[in-house]
Amino acid sequence: MSEEKVILRHCENALGLDLVEKSRKREKVYGRYVFYKICKEQIENTTLKRVGDAVVRDHATVLHG
């Protein structure tokens, strides 16, 4: 399992949300932002595409998240 997937599962468990589900509800958008931020800080040499693939989003969404 990739580092992104591990962080995603931890975020989902901590927040009690399904962050992969397609939704623009505030709590899910915030949860995905937290996931993006943690990935950016904790994983060296990761790409926006890999982070976005973990939550079924593209790199531009991660960049602007």
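Predicted model: local features only at pLDDT ≥ 70, side-chain atom pairs only at ≥ 80, totals over all residues.
Colleague: Which pattern does the chain follow along the sequence?

Modeller: Helices (H or I, at least four residues) and strands (E, at least two) are DSSP runs, numbered from the N terminus. The pattern in this chain is α-α-α-α, with four helices and zero strands.

Colleague: What radius of gyration does the chain have, and what would a compact globule have?

Modeller: The radius is taken over C-alpha atoms, and the globule rule is 2.2 Å times the number of residues to the power 0.38. For 65 residues the rule gives a value near 11 Å, and the chain agrees with it at 11 Å. Along the principal axes, the C-alpha atoms fill a box of roughly 30 × 25 × 20 Å.

Colleague: Which residues make up the largest nonpolar core?

Modeller: In soluble globular proteins, nonpolar side chains tend to be buried together. A nonpolar core is a set of buried Ala, Val, Leu, Ile, Met, Phe, Trp, Tyr and Cys residues joined through side-chain atoms within 4.5 Å; buried means under 20% relative accessible area, exposed over 50%, and partly exposed in between (1.4 Å probe, protein chains only). The largest core has 12 residues: Ile7, Leu8, Cys11, Leu19, Phe35, Tyr36, Cys39, Ile43, Val51, Ala54, Val55 and Val62. Helix H1 (3-15), helix H2 (26-42) and helix H3 (48-54) each give two or more residues to this core. Leaving aside residues up to four places away in sequence, Cys39 touches Glu4, Ile7, Thr46 and Val51, where contact means heavy atoms within 4.5 Å.

Colleague: Where does Val56 lie, and what is its phi?

Modeller: Most residues other than glycine have a negative phi. Val56, in the loop between H3 and helix H4 (59-64), has a positive phi of about 55 degrees. Val56 counts as exposed because its relative accessibility is 58%. Asn45, in the loop between H2 and H3, also has a positive phi, near 60 degrees.

How values were computed: Residues numbered from 1 in each chain as written. Heavy atoms only, no water.
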